[in-house]
Amino acid sequence: MKYKRILLKLSGESLMGEKQFGIDNKRINSYARQIKEIKALGIEIAIVIGGGNIFRGVQAEEGGMDRTHGDYMGMLATMINSMALQSALESNGVMTRLQSAIEMKEIAEPFVRRKAVRHLEKGRVVIFGAGTGNPFFTTDSAASLRAIEINADVILKGTRVDGIYTADPEKDKNATKYDHITFDSVYSKGLNVMDLTAFTLCKENNLPIIVFNMDTPGNLLKLLKGEKIGTLVSN
Ligand code: GTP
């Protein structure tokens, strides 16, 4: 297996599935089953999930709310998604531990890096909630930071698109997908993979990112078995 320890970044918005808001049970169960499938390969799995299906700090700011306040609300939204995912995984028989970047010890362990690594070694899926615990950082930044901290081999960024394209495939019929692209080319071409804070963290720490479609069941397993799924971004 090429990747022994991965960090899977899931989109909060994708959790809505067919719904306009909140969590679609079918979608979250589909994610849980796909994670169970790759667990069976013996891969160590950490997860960061966004909160955009519940609350987005940036939009709150547009409505006049203080950005910091909105970002903290967004962090709480990621905890709701993390708890839902934890429950979905456990009802599929996958052992999990949830750690929060903001202390809320009645519902989650606090984030302790060494404990997280120990959980992974023991075969538990570790979910990191509440982002980085700081405003002005996205959950992509949290994913990059945690991935580096736990020495993950790769970040798998689950999205609703198949990978990174030369142009927006919905607008340009000639757009083609990259199988592999360097961090430098992503930057010079102005392609959108992650926000720059997250992106730079990965680049500077030599942590590859694979952008792939998580909403196509089976993709995650194929990717980890070595099939050409998504777009690999590396130095
Ligand atoms: P090891 O025994 O070290 O392998 O790990 P463990 O996670 O099984 O041990 P621990 O006794 O720390 O945890 C038992 C359960 O309590 C697990 O489900 C943990 O997630 C949970 N737990 C541990 N610390 C906290 C905490 O501060 N808050 C909450 N809410 N749960 C915790």
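1. Helices (H or I, at least four residues) and strands (E, at least two) are DSSP runs, numbered from the N terminus. This is a predicted model, in which local features need pLDDT of at least 70, side-chain atom pairs count only at pLDDT 80 or more, and totals for chains, interfaces and linings use all residues. Residues are numbered from 1 along each chain as its sequence is written, and side-chain values use heavy atoms, with hydrogens and water left out.

2. Asp71 sits in helix H3, residues 67–91. Because its relative accessibility is 11%, Asp71 counts as buried (under 20% relative accessible area, 1.4 Å probe, protein chains only). Leaving aside residues up to four places away in sequence, Asp71 touches Gly57, Val58, Pro135 and Phe136 (heavy atoms within 4.5 Å).

3. Polar contacts are pairs of N or O atoms within 3.5 Å. A polar backbone atom of Lys105 is 2.6 Å from a ligand nitrogen atom. An N or O atom in the side chain of Glu109 lies 2.7 Å from a ligand oxygen atom, and a polar side-chain atom of Lys115 is 3.3 Å from an oxygen atom of the ligand. The ligand taken alone exposes 620 Å², of which the protein buries 51% (Shrake-Rupley method, 1.4 Å probe).

Key. Polar contact = N/O pair within 3.5 Å; in protein donor to acceptor, adjacent residues only side chain to side chain. Buried < 20%, exposed > 50% of the residue type's maximum accessible area, 1.4 Å probe, protein only.
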